[in-house]
Amino acid sequence: MAISSSSSMQDIFKQRKYPFIFSFFLLLVFVTFLLISNYQKSPIFVAIDFAQRTSQSKSISELSPNTSSTSTPPLHQPDVNTNTTINSEPNVPLNNFTIDPESSNIPLNNFTINPESDTIINDELETFSYDWKLCPGTLAVDYIPCLDNWKAIKKIRSRRHMEHRERHCPVPTPRCLIPLPDGYKLPVPWPKSRDMIWYANVPHPKLVEYKKEQNWVKKSGDYFVFPGGGTQFKDGVNHYIEFIEQNFPTIKWGKSIRVILDVGCGVASFGGYLLDKNVITMSFAPKDEHEAQIQFALERGIPATLSVIATKKLAFPDNVYDMIHCARCRVHWHADGGKPLMELNRILRPGGYFIWSATPVYKKDEGHRNVWKVMVNLTEAMCWKMVGRTYFKRARVGLVIYQKPDSSSSYENRKENNPPMCDQKHRLNSSWYTPLDSCLLPLPSSSYKWPAPWPQRLNSKPLSLSLETDAEEIFNEDTRHWAALVSDVYLGGLAINWSGVRNVMDMNAGYGGFATALIDRPLWVMNVVPISGPDTLPIIFDRGLVGTYHDWCESFNTYPRTYDLLHSSFLFGNLSQRCDLVDVAAEMDRMVRPSGYLLVQDTIQMIKQLGSILRSLHWSVTLHQEQFLVGKYIGKKFGIKIPIVLHTGCSRRTRTGFFKQGVTKQKMNQIKGAAAQRLSAVSFISLPLAAETIRE
């Protein structure tokens with residue numbers, strides 16, 4: 001055999017077939033290069049990865065705001081409340097339900113290359129087994145772990161300070177799945193959702209009756225309709241907004257006034273209509289007897305969160321909001337020595353405005369006069385200037401506008417040091433589980449510089465950026481990095497249907513570069529800054545964006561099914577050292593709407609671990625460029641998820657989904673019948689949701 005091979009090669013040389021040899025050699029090199037390149041990162045993504053890691057390391061070591069006199073120091077990790085326990089009521093078991101593996105099996109090892117895209121598809125499931133259970137009780141569809149811990153709430157002796165509306169997280173964190181409301185449908189898309197949502201998605205009609213004279217919300221057939229009214233918006237919120245701007249020319253919506261906090265927001269119509277004027281409003285209210293105000297707001301696609309001014313600080317930095325608004329928000333600002341109003345003073349930007357629209361502003365009976373006198377005394381002691389006080393006769397609404405001072409000279413000229421100035425040496429910089437202040441924060445010694453007008457503000461140097469010499473350069477590089485990553489990868493290469501995305505959360509927001517890169521799209525981003533990392537949240541607000549602090553080892557203050565997309569960049573490595581990723585995955589599963597997405601950039605080891613947990617929850621999972629995980633939450637049927645894979649970046653077998661696999665309507669009915677037989681005791685949603693998901 002060797003002789004034959006040798007003679008063959010000699011014949012080739014004798015016949016002078018050198019061109020053939022050269023061509024064969026080039027072909028061999030080319031094939032080898034292709035095989036190697038398929039298992040390595042593209043140089044573009046290597047550069048992106050390097051830029052991300054460099055930016056993060058520098059931000060921790062050099063740009064942490066404790067290096068700057070103008071910045072908020074890094075957050076201190078608080079002591080977690082361990083005095084509460086999870087409800088011991090037995091969980092309802094989640095029965096096993098077998099799905100055809102050929103229609104949904106996208107595991108996270110043994111990668112193969114899809115010739116139709118750069119998406120890496122997996123052929124075998126990395127094993128992760130967990131006995132997931134349904135959250136118990138009839139109220140489970142709206143379960144918020146840290147706000148619905150009834151055992152802890154019942155132990156609170158007094159409700160005078162609204163402490164029962166604050167966070168009381170169960171220990172351990174509950175690992176149960178949230179069922180869907182009966183008849184749940186995919187949300188109405190934006191911008192139509194601002195004015196109408198599906199009744200079945202938020203089936204709480206109490207506000208319709210309770211506020212029927214004020215046009216908050218009405219029921220019309222299968223929809224809730226929002227006419228744009230409210231307690232103080234008798235002629236509609238647009239008239240109210242225009243009235244403020246006409247009577248107070250210093251209020252320039254969408255220019256100098258960009259970021260607003262709406263206290264006790266109702267169904268968030270004020271913030272919803274201000275979006276037309278390039279104003280982004282963080283609407284907040286407690287989970288209270290009005291039933292689902294914030295759930296209405298988020299279902300409409302309006303920025304909102306659950307919170308209350310009670311005994312703890314709000315989860316926002318000092319000096320960040322351009323304006324705070326309260327229209328009959330039912331907060332007693334003068335209570336407890338004026339602590340609630342001093343909390344507004346803490347988060348209001350120097351020179352910022354507070355609009356108080358309430359009956360004590362204009363009613364003349366003794367009770368309202370007494371409240372007004374107390375408010376006047378308190379605001380004068382805080383050196384707030386009354387910009388104007390007026391009565392909107394057409395709508396029978398009175399309002400007053402105050403302005404916070406922009407320098408400490410105002411405090412120095414007070415006759416009495418009451419409220420006192422805060423002692424910065426002993427003051428906790430964190431606002432996470434920190435008691436309310438009863439003091440005033442020092443202000444800049446010279447005149448305060450207001451952020452640049454919108455939209456220049458978005459990419460201008462933030463006021464709270466570190467004073468280190470290369471801080472601005474790194475900030476600008478971070479902005480360029482996210483602009484390139486979002487445009488080149490996120491928007492076109494990850495099989496995400498961005499047209500259906502409205503509510504977005506960045507779980508590890510950094511400087512807000514991800515949100516900045518998406519600013520021209522019809523969506524909004526909740527920028528979350530983890531309390532265990534550098535405090536960059538003031539920078540995010542300086543840019544004209546909104547966000548909050550959070551500890552991802554606990555549940556987030558939002559209703560289930562309220563975000564279309566969760567984004568995370570290199571969060572889970574450090575987080576996994578502090579808490580179990582199974583708990584974090586269960587919380588993400590709770591927050592994401594059916595057909596929503598999880599987009600993660602992380603190491604391949606962390607992506608494998610997280611991906612296997614998501615697969616146990618019956619999410620579809622794909623991996624792109626060995627560093628981007630895209631998970632899709634496909635909705636629930638009888639309390640469990642049906643893994644129907646529709647990603648355009650998937651292989652032919654997985655991309656075609658149920659219909660191309662011969663799963664006809666008849667077959668779907670068989671699946672429905674099998675599920676009903678196995679889960680006859682747990683009935684939450686019928687087949688149309690799954691069918692609507694397939695049609696997407």
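Mentor: Gladly! Let us start with one word: a residue is called buried when its relative accessible area is under 20%. Please also keep in mind that this is a predicted model.

Trainee: Which residues of H9 are called buried?

Mentor: They are Gln293, Ile294, Gln295, Phe296, Ala297, Leu298, Glu299 and Arg300. Eight of the eight residues of helix H9 (residues 293-300) are buried, so the helix is largely enclosed by the rest of the structure. Just after H9, Gly301 takes a positive phi of about 90°.

Trainee: Why is Glu299 called buried?

Mentor: Set the value against the cut-off: Glu299 has a relative accessible area of 5%, and buried means under 20%. Glu299 therefore counts as buried. This residue sits in helix H9.

Trainee: What does Glu299 touch, leaving out residues up to four places away in sequence?

Mentor: Glu299 touches Pro187, Ser193, Ile197, Asn201, Val202, Arg561 and Arg593. A contact here means heavy atoms within 4.5 Å.

Trainee: How do you know whether Thr562 is buried or exposed?

Mentor: The relative accessible area of Thr562 is 2%; the limit for buried is under 20%, so Thr562 is buried. Thr562 lies in the loop between strand E18 (547-550) and strand E19 (563-569). Not counting residues up to four places away in sequence, Thr562 touches Leu298, Asn503, Met591 and Arg593.

Trainee: Why is Asp235 called partly exposed?

Mentor: Asp235 has 30% relative accessibility. Buried would need a value under 20% and exposed one over 50%, with partly exposed in between, so Asp235 counts as partly exposed. Its place is in the loop between strand E8 (223-225) and helix H7 (237-247). Leaving aside neighbours within four places in sequence, Asp235 is in contact with Arg394 and Ala395. Asp235 and Gln214 are 21 residues apart in sequence and 9.5 Å apart in space, C-alpha to C-alpha.

Trainee: How much of the whole protein is buried?

Mentor: Buried residues make up 55% of the 696 residues. The secondary structure comes to 22 helices and 24 strands.

Trainee: Let us turn to the sheets. What is the order of the seven strands in their open sheet?

Mentor: The order is E11-E10-E9-E12-E13-E15-E14, and the pairing is mixed.

Trainee: What makes E11 and E14 edge strands?

Mentor: Strand E11 (304-306) and strand E14 (385-392) each have a single partner strand, so one side of each is left without a neighbour in the sheet. The twist from one strand to the next averages 20°.

Trainee: What makes E12 and E13 a pair?

Mentor: E12 and E13 pair in the parallel sense over six bridges, with Ala327 standing opposite Ser357 in E13. In E13, 10 of the 10 residues are buried, so this strand is largely enclosed by the rest of the structure. Helix H10 (residues 335-347) lies across strand E9 (259-263), strand E12 (321-327) and strand E13 (348-357), running at about 135° to E13.

Trainee: What about the open sheet of three strands: which order does it have?

Mentor: Its order is E6-E8-E7, with antiparallel pairing. Strand E6 (196-198) and strand E7 (218-220) are the edge strands, as each pairs on one side only. E6 and E8 are joined by three bridges, and Ile197 has Phe224 in E8 as its bridge partner.

Trainee: Last topic: how many cavities of 30 Å³ or more are counted?

Mentor: The count comes to one. The largest cavity has a volume of about 140 Å³, and 18 residues line it, with Thr173, Pro174, Asp583, Ala586 and Glu587 nearest its centre. Helix H17 (residues 581-591) gives the most to this lining, with five residues.

Trainee: How do the lining residues divide by kind?

Mentor: The lining has 11 nonpolar, two polar and five charged residues.

Conventions
Residues numbered from 1 in each chain as written. Predicted model: local features only at pLDDT ≥ 70, side-chain atom pairs only at ≥ 80, totals over all residues. Heavy atoms only, no water. Pairing = 2+ DSSP bridges. Helix = DSSP H or I, 4+ residues; strand = E, 2+ residues; numbered from the N terminus. Axes fitted to C-alpha atoms, helices over the stretch in contact; angles between N-to-C directions. 1 Å grid on protein atoms, 1.4 Å probe; cavity = no way out; pocket = protein on both sides within 12 Å on 5 of 7 lines; lining within 4 Å. Points joined across faces, edges and corners; volume = space filled by probe spheres on them. Nonpolar A, V, L, I, M, F, W, Y, C, P; charged D, E, K, R; others polar. Buried < 20%, exposed > 50% of the residue type's maximum accessible area, 1.4 Å probe, protein only.
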